[in-house]
Amino acid sequence: MAKLLPITNCVKELREAAGMTQAELGEHVGVTRQTIAAIEQRRYSPSLETAFRIAVTFNTNLEAVFEYQP
Amino acid sequence: MANHEKTAWVMLVVLLIASGQLLKNIIHHSQALGVLVPPNSGILIQYVIAIVVLSIIGHIALAATSKRASTAPDERERQFDVYGGHVSGVVLVLGCVAALGHYLAHFDGHLLFYSVFAALIASQVAEYLVVIWRHRRG
């Protein structure tokens, strides 16, 4: 199993609460469904721009979505 | 499967088919001559045309079966491309150094040409394999 990255997130919870699919969120923020899946599973840390886009999509701030856990 | 990965698969298969045919041609001509056939533009032009035609067919098939086949790679996929390019460069350098070393020992210019050409093909194959591997492991 791939090593988990130190940036945790609650993208999955926010996405499910908003009733969105991974593909819909991906289209909204400009990445593929596979990239959203990788972000949710902590296998990929998005760029700052994509992280902001995800936060804006859920009408929240960056810190509410992503957290650094060294 | 992401379109980026599908594209890598298509190009890998195209490259392997065309390169296999090229190898078959070289072996066939070399057996007829009794020595390694000198590099000639005819065989290489056939190879390039085969790659172009097969990759066009592959991409048309991909576009016909996928809604988002034309989209550009996203940030994660671009990272895969960068890493694939890095590995590809290493394979090319190793292949060229090995080919040059062999030339210094045997002074066979024809084999040098084919070795460098093989290194080019191997580097491209390595790039596609790395991209596919990175997609597969997540």
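This is a predicted model: local features need pLDDT of at least 70, side-chain atom pairs count only at pLDDT 80 or more; totals for chains, interfaces and linings use all residues.
Which side chain does R15(A) meet in a salt bridge?

The partner is E40(A), with N to O at 2.5 Å. This pair links distant parts of the chain. R15(A) sits in helix α1 of chain A, residues 11-17.

Over all chains, a search of the whole structure finds 3 salt bridges. On to the next one.

E49(A) and R53(A) meet through their side chains at 2.7 Å, N to O. Both lie in helix α4 of chain A, residues 48-57. They are 4 residues apart, so about one helical turn separates them. E49(A) is partly exposed, at 49% relative accessible area. R53(A) is partly exposed too, at 39%.

Now chain B. R136(B) forms a salt bridge with E5(B), and the closest N and O atoms are 2.7 Å apart. Again, distant parts of the chain are linked: helix α4, residues 109-136, holds R136(B), and helix α1, residues 3-33, holds E5(B). The two residues are 131 apart. R136(B) counts as exposed, because its relative accessibility is 55%. E5(B) counts as buried, at 2%.

What about between the chains? The salt bridge count between chain B and chain A is 0. Yet by class, the side of chain B that touches chain A has 6 charged residues, plus 2 polar and 2 nonpolar. Polar contacts do occur: 6 residue pairs between the chains. In contact are 10 residues of chain B and 13 residues of chain A. The buried area is about 920 Å², with 41% from carbon and sulfur atoms.

How values were computed:
Residues are numbered from 1 along each chain as its sequence is written. Chains are lettered from A and ligands numbered from 1 in the order in which they are written. Side-chain values use heavy atoms; hydrogens and water are left out. Contact means heavy atoms within 4.5 Å. Buried area is the accessible area (1.4 Å probe) that two parts lose on being put together, summed over both. A salt bridge is a side-chain nitrogen of Lys or Arg within 4 Å of a carboxyl oxygen of Asp or Glu. A polar contact is a pair of N or O atoms within 3.5 Å; within protein, one must be able to donate a hydrogen and the other to accept it, and residues adjacent in sequence count only if both atoms are side-chain atoms. Ala, Val, Leu, Ile, Met, Phe, Trp, Tyr, Cys and Pro count as nonpolar, Asp, Glu, Lys and Arg as charged, and the others, Gly among them, as polar. Buried means under 20% relative accessible area, exposed over 50%, partly exposed in between (1.4 Å probe, protein chains only).
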